[in-house]
Amino acid sequence: MAMKEIVVGTAISKAAGRKKGSLRIGTLPDGSPMEIPVVIVRGSKPGPVLWLHGCVHGNEYCGTFIIHEMLSRLRPAALTGTVVALPALNITAFQKGQRMSPFEGFAGGDLNRNFPGDATGTLTQQMAYAIYKPLKRHATHLVDFHTAMTEDVAWALYADVGGKTGKESEKMARAFGYRSTLPAPPTILGGSALMTAAKDGIPAMIVECGGKGPAFTQEAMRDGADRLENILRALGMVKGAVVDHGKLNYFSNFAWVHATKGGLFQRSVRCGDRIEPGSVLGQYYDLHGRPNGEALAPKGGIVLAIHPGPMIGSGETLIHIGLDPREV
Ligand SMILES: [Zn+2]
């Protein structure tokens, strides 16, 4: 029986094997196409279509490397189902090493708040539309890669939307197995690929791994690829025993805390640390080298991300806290 065609831009898969191509997501001011890379690895047996994407935020490269590391380990002959990978979504932001596209002239240029997109909307909405259309058509599962400020970032979210989709999303998060995990309620992260897909019945999770720009380590990248492979085992796409990561710390939600002063900053906590209200997060100094007060935690929880210093200005993200951790 002929296999159902999977088409993502110029990557067209009709049989087992590896196909590469590109997806057009917009047009640059000089008229040239804005295109992103697509890799399809198709197994010999039908099964799930696992959609992986990275660099929704252009400077969050670690996921791109995790995706490539995992793809390099895949053999189509030993694969059930298909992996569709788009390792660098927000290509013009990626080129500039920044979160959002430099060509987005209006507010709301966060690609992860603009799904499912709009074919006649802003640049970011048009990008989201071009990406989400084939995602919705083909994907049965989604893993979206992000990260934050430092190399020790390691946490995950899954779409806690109830029903079969919620259960399957949790299964992926448990197979990935980061100890810090947020079962994300459908009321948060509107316009994210995660919630948009989950509301369309596609189980979804976000991985936050490794640090912005080149901050990530080879260990974080390889560990991420190992955990991603475990998702493929849990979904029955590759053979082998599923690694049981044991109990995880689930949060009720998260909180962003912004710096209210500026200067030199030295953090004193690491990602994954448990903090209480009033815990010392770091020390401010002025440019004469004099201590200028401590940054204190307004809430308790688990440190998901912390400003790496050495310079911080008011309004910058000081810390991202996972609230009410409980072992599940
Ligand atoms: Zn991100």
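A nonpolar core is taken here as a set of buried Ala, Val, Leu, Ile, Met, Phe, Trp, Tyr and Cys residues joined through C-beta atoms within 7 Å. A residue counts as buried if 20 or more other C-beta atoms lie within 10 Å of its own, as exposed if 12 or fewer do, and as partly exposed in between, with C-beta atoms placed from the backbone. The structure is a predicted model, in which local features need pLDDT of at least 70 and side-chain atom pairs count only at pLDDT 80 or more, while totals for chains, interfaces and linings use all residues. Residues are numbered from 1 along each chain as its sequence is written.

The largest nonpolar core has 96 residues, of which Ala156, Phe176, Leu194 and Met205 touch the most other members. At least three residues of this core come from each of domain 1 (6-234) and domain 2 (251-327). Two residues are in contact if their C-beta atoms, placed from the backbone, lie within 7 Å. With neighbours within four places in sequence left aside, the contacts of Ala156 are Ala173, Phe176, Tyr178, Thr181, Met205, Ile206, Val207 and Glu208.

The chain is assigned domain 1 (6-234) and domain 2 (251-327), with bounds that come from an automatic or database domain assignment. The C-alpha centres of the two domains are 28 Å apart. Nine residues from domain 1 and 13 residues from domain 2 take part in the contact. On the side of domain 1 that touches domain 2, β8 (154-159) and β9 (180-184) are the elements that give two or more residues. Helices (H or I, at least four residues) and strands (E, at least two) are DSSP runs, numbered from the N terminus.

Helix α6 (residues 218-234) has 17 residues and spans 24 Å from its first C-alpha to its last, close to the expected 24 Å, which is 1.5 Å times one less than its number of residues. Its buried residues are Ala220, Met221, Gly224, Arg227, Leu228, Glu229, Asn230, Ile231 and Leu232. Among the elements covering them are β5 (45-53), α1 (62-73), β7 (141-146), α4 (163-176) and β10 (204-209). Gly236, which follows α6, has a positive phi near 75°.

Strand β19 (residues 317-323) is largely enclosed by the rest of the structure, because five of its seven residues are buried. Strands pair if DSSP finds at least two bridges between them. Strand β12 (residues 253-258) runs antiparallel to β19 and is joined to it by six bridges; Asn253 has Leu323 as its bridge partner in β19. Strand β17 (residues 301-306) is also antiparallel to β19, with four bridges, and Val303 is partnered by Ile321.
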